[in-house]
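Subject: Structure handover

Hello,

Here is the structure for you to take over. Please open it first, then read the notes below.

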Amino acid sequence: TKELWIGDNDQVPTSNGMATRIYHTINGGITWIPTDLCYSCEPVKSIKFMDPLHGRVLCGYQMFTTSNGGLTWQQNVISYDMFPLPLVAMAWADTLKCLSVGYYGYIFNSNDGGQGWNETSHGTRASFLGSCFTTRQTGFVVGHKDTQSAIYRTTNSGDTWQRIATDTTTYGQLNDIAFSDTTNGWARSEE
């Protein structure tokens with residue numbers, strides 16, 4: 001495919017103020033069309049399109065949604081309670097089921113495509129930096145707690161979480177996690 005969306009890691013100065021900006025190409029990156037999602041909000045953390053029309057952009061504690069290929073965007077606040085530390089990653093099991101994760105153990109769960117959100121309790125204050133689903137029920141979040149790597153798993157769509165034991169000789173944070181199928185996965189660290 002020649003269509004791609006990317007986002008700025010920082011806000012962009014404009015005549016209207018500091019903008020959170022995404023870019024869209026339909027010709028493999030030869031030309032890019034900028035879109036300013038909002039002013040004075042967090043930079044882009046993650047972008048996901050389920051198909052050419054339906055997309056989501058995570059910007060701190062807000063989720064922007066489109067159902068018309070990015071012609072218009074709807075802003076949804078996930079939570080004001082966590083400001084100023086943003087959510088940094090999201091994972092989608094399907095077009096309705098989403099997890100958004102961030103610092104100090106924040107995990108938010110949506111079952112309606114990102115319109116409404118609930119904070120999930122998991123009993124830790126680990127900082128989560130990556131997330132993924134392997135099925136609609138099974139998902140993973142990764143990050144760190146103190147100096148130890150942290151991996152948590154859910155088998156009930158994010159309602160509850162269990163910590164997975166890891167090699168205790170490895171210290172540092174895990175930044176992302178991905179699976180090629182339901183049993184084979186990789187977690188990436190800074191080390």
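Two strands count as paired if DSSP finds at least two bridges between them. Strand S17 (residues 174–179) and strand S18 (residues 185–189) meet that cut-off, with 5 bridges in the antiparallel sense. Please keep in mind that this is a predicted model.

The end hairpin

S17 and S18 form a hairpin, joined through 5 residues. Phe179 in S17 has Gly185 in S18 as its bridge partner. Phe179 also turns up in the contacts of Thr134. Thr134 sits in the loop between strand S13 (127–133) and strand S14 (139–145). Is Thr134 buried or exposed? Thr134 counts as buried, because its relative accessibility is 18% and the cut-off for buried is under 20%. Beyond its neighbours within four places in sequence, Thr134 touches Phe140, Phe179, Asp181 and Thr182.

The whole protein

Now the overall picture. The protein has 18 strands and 0 helices. Along the principal axes, the C-alpha atoms fill a box of roughly 50 × 35 × 35 Å.

Of the 191 residues, 46% are buried. The exposed surface comes to about 9800 Å². Carbon and sulfur atoms supply 49% of that surface. Among contacts with a separation of 6 or more, 35% are between residues 24 or more positions apart.

On charge, there are 12 positive and 17 negative side chains. The centres of the two sets lie 3 Å apart.

Look next at strand S6 (residues 55–59).

S6 pairs with strand S5 (residues 46–49) in the antiparallel sense, over 4 bridges. S5 and S6 form a hairpin with 5 residues between them. S6 also pairs with strand S7 (residues 62–66), again antiparallel, through 5 bridges. S6 and S7 form a hairpin as well, with 2 residues between the strands. In that hairpin Gly60 takes a positive phi near 65°.

In S7, Val57 stands opposite Phe64.

A four-stranded open sheet

Strands of a sheet pair through backbone hydrogen bonds, either parallel or antiparallel. Which strands form the open sheet, and in what order? The order is S9-S10-S11-S12, and the pairing is antiparallel. Strand S9 (87–92) and S12 are the edge strands, as each pairs on one side only. S9 is joined to strand S10 (residues 98–102) by 5 bridges. Across that pair, Trp92 stands opposite Cys98 in S10.

Two loops of this sheet deserve a look. One lies between S10 and S11 and holds Tyr104. Tyr104 has a positive phi of about 55°, although it is not a glycine. At 48% relative accessibility, Tyr104 counts as partly exposed.

The other loop runs between strand S11 (107–110) and strand S12 (118–119), and Gly116 is found there. Gly116 is partly exposed, with a relative accessible area of 27%. Leaving aside neighbours within four places in sequence, Gly116 is in contact with Asn109 and Ser110. Gly116 and Val77 are 39 residues apart in sequence. In space they are 8.4 Å apart, C-alpha to C-alpha.

One more loop

Finally, find Ser157. It lies in the loop between strand S15 (148–154) and strand S16 (162–164). Ser157 is not a glycine, yet it has a positive phi of about 65°. At 13% relative accessibility, Ser157 counts as buried.

Best wishes

Conventions: Residues numbered from 1 in each chain as written. Predicted model: local features only at pLDDT ≥ 70, side-chain atom pairs only at ≥ 80, totals over all residues. Heavy atoms only, no water. Buried < 20%, exposed > 50% of the residue type's maximum accessible area, 1.4 Å probe, protein only. Contact = heavy atoms within 4.5 Å. Areas by Shrake-Rupley, 256 points an atom, 1.4 Å probe, with all protein chains shown as cover. Lys, Arg positive; Asp, Glu negative; His and termini not counted. Charge placed at Lys NZ, Arg CZ, Asp CG, Glu CD.
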